[in-house]
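Here are some notes to read beside the model, one topic at a time. Keep the viewer open and find each element as it comes up.

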Amino acid sequence: MAYKVDLNGDLGESFGAWKMGQDTDVLTFVSSANVACGFHAGDPLVMQKTVREAIKAGVAIGAHTAYPDLKGFGRRNMICSPDELYTDTLYQIGALRAFCEAAGTKLQHVKPHGAMYNSAAKKIEEAMALAQAVKDAGGNLILMGLAGSKFDEAAEKLGLPYAAEAFADRGYMNDGTLVPRKMEGAFVHDVEVAAQRVIRMIKEGVVEAIDGSIVPLKPQSICLHGDSPSAVQMAQTLRKRLIEAGIEIEPLSKII
């Protein structure tokens, strides 16, 4: 059996004079980049620079949409109506698409960020609002969302191209959701352990939760966070181990 997977990274999260992440290095190892669109991080200059660097690295580009929460980095819960989620998402897609088109490339996908992502993964009305914005933006954009979540259901209902995502460096609860960041077991710091977990996800379609139970999931994309101290080592090791295991690394447009 041939195995293929996308490696994605959350990038372009600097803001003004404030620098975050190791974007240039991480771009060497990923196949898709989720670029912050100015709501949780990033600004127009950072967006332009990140798009150009992704093109130079041969990496596909996605819009990393979020709640309007610069101070909280998009990780604070917000009560937003479906209409607000829809319009905020559509607005951010349009902003990044303009930079892509100005640079001579196309936008590939949309991936919500942080609290917006986690909330919509559990609430179908929110997942539907985000999915509808992606569909209405046009261009056959791919929605990326947590494997086994409400994103799956929303994309299926709308007939939207969809990529189920899993995380190399995050722990899982027994219901398939991510372990909250403040809980013990939220992060996988050992790069070799993370690599073996991902290989198992791809080849066996399962992941071990923090309570030892086995959770089914079948991702098309694996997220690598660009803002962690071990981001480059994680990306480099994971890519190497996947290739050694006979798994091809491809952008979503060649998988979905």
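1. Start with the surroundings of helix α7. Its buried residues pack against β1, β6, β7 (206-208), β9, α8 (231-244) and β10 (247-249). Contact here means heavy atoms within 4.5 Å. Helices (H or I, at least four residues) and strands (E, at least two) are DSSP runs, numbered from the N terminus. Which residues of α7 are buried? They are Val191, Ala194, Ala195, Arg197, Val198, Ile199, Met201 and Ile202. Buried means under 20% relative accessible area, exposed over 50%, and partly exposed in between (1.4 Å probe, protein chains only).

2. A word on what you are looking at: this is a predicted model, in which local features need pLDDT of at least 70 and side-chain atom pairs count only at pLDDT 80 or more, while totals for chains, interfaces and linings use all residues. Residues are numbered from 1 along each chain as its sequence is written, and side-chain values use heavy atoms, with hydrogens and water left out.

3. Now the confidence, given as pLDDT (the predictor's confidence in each residue, from 0 to 100). The protein chain has a mean of 95, and 98% of its residues reach 70 or more. Confidence is highest in helix α5 (residues 124-136), at 99, and lowest in strand β9 (residues 221-225), at a mean of 89. As a reading rule, where pLDDT is low, the predicted coordinates should not be read in detail.

4. Back to α7, this time its length and its ends. The helix covers residues 191-204, and at 1.5 Å a residue its 14 residues should span 20 Å; the end C-alpha atoms are 19 Å apart, which agrees. The expected span is 1.5 Å times one less than the number of residues. At the start of α7, a side-chain oxygen of Asp190 comes to within 2.9 Å of the backbone nitrogen of Glu192. That is a polar contact (a pair of N or O atoms within 3.5 Å; within protein, one must be able to donate a hydrogen and the other to accept it, and residues adjacent in sequence count only if both atoms are side-chain atoms). After α7 comes Gly205, with a positive phi near 75°.

5. Next, have a look at strand β9. Five of its five residues are buried. Ser221, Cys223 and His225 lie on one side, with Ile222 and Leu224 on the other, and both faces are covered. Which strands pair with β9? One is β1, in the parallel sense over five bridges, and here Asp10 has His225 as its bridge partner. Another is β6 (residues 162-167), parallel over three bridges, with Glu165 opposite Ser221. Two strands pair if DSSP finds at least two bridges between them.

6. Two bridges join β4 to β5, which run parallel, and Val110 stands opposite Leu143. Four bridges join β5 to β6, also parallel, where Leu146 has Glu165 as its bridge partner.

7. In helix α5, the buried residues include Glu126, Ala127, Leu130 and Val134. The elements packed against its buried residues are α3, β4 (107-112), α4 (114-120), β5 (142-146) and α6 (150-158). The 13 residues of α5 should span 18 Å, and the end C-alpha atoms are 18 Å apart, which agrees.

8. Val46, Met47, Thr50, Val51 and Ala54 are its buried residues. The face turned away carries the exposed residues Pro44, Leu45, Lys49, Arg52 and Lys56. Leu45 has a relative accessible area of 65%. At the start of α2, the backbone nitrogen of Leu45 has a side-chain oxygen of Asp43 within 3.1 Å. Among the elements covering the buried residues of α2 are β1 (3-11) and α3 (82-102).
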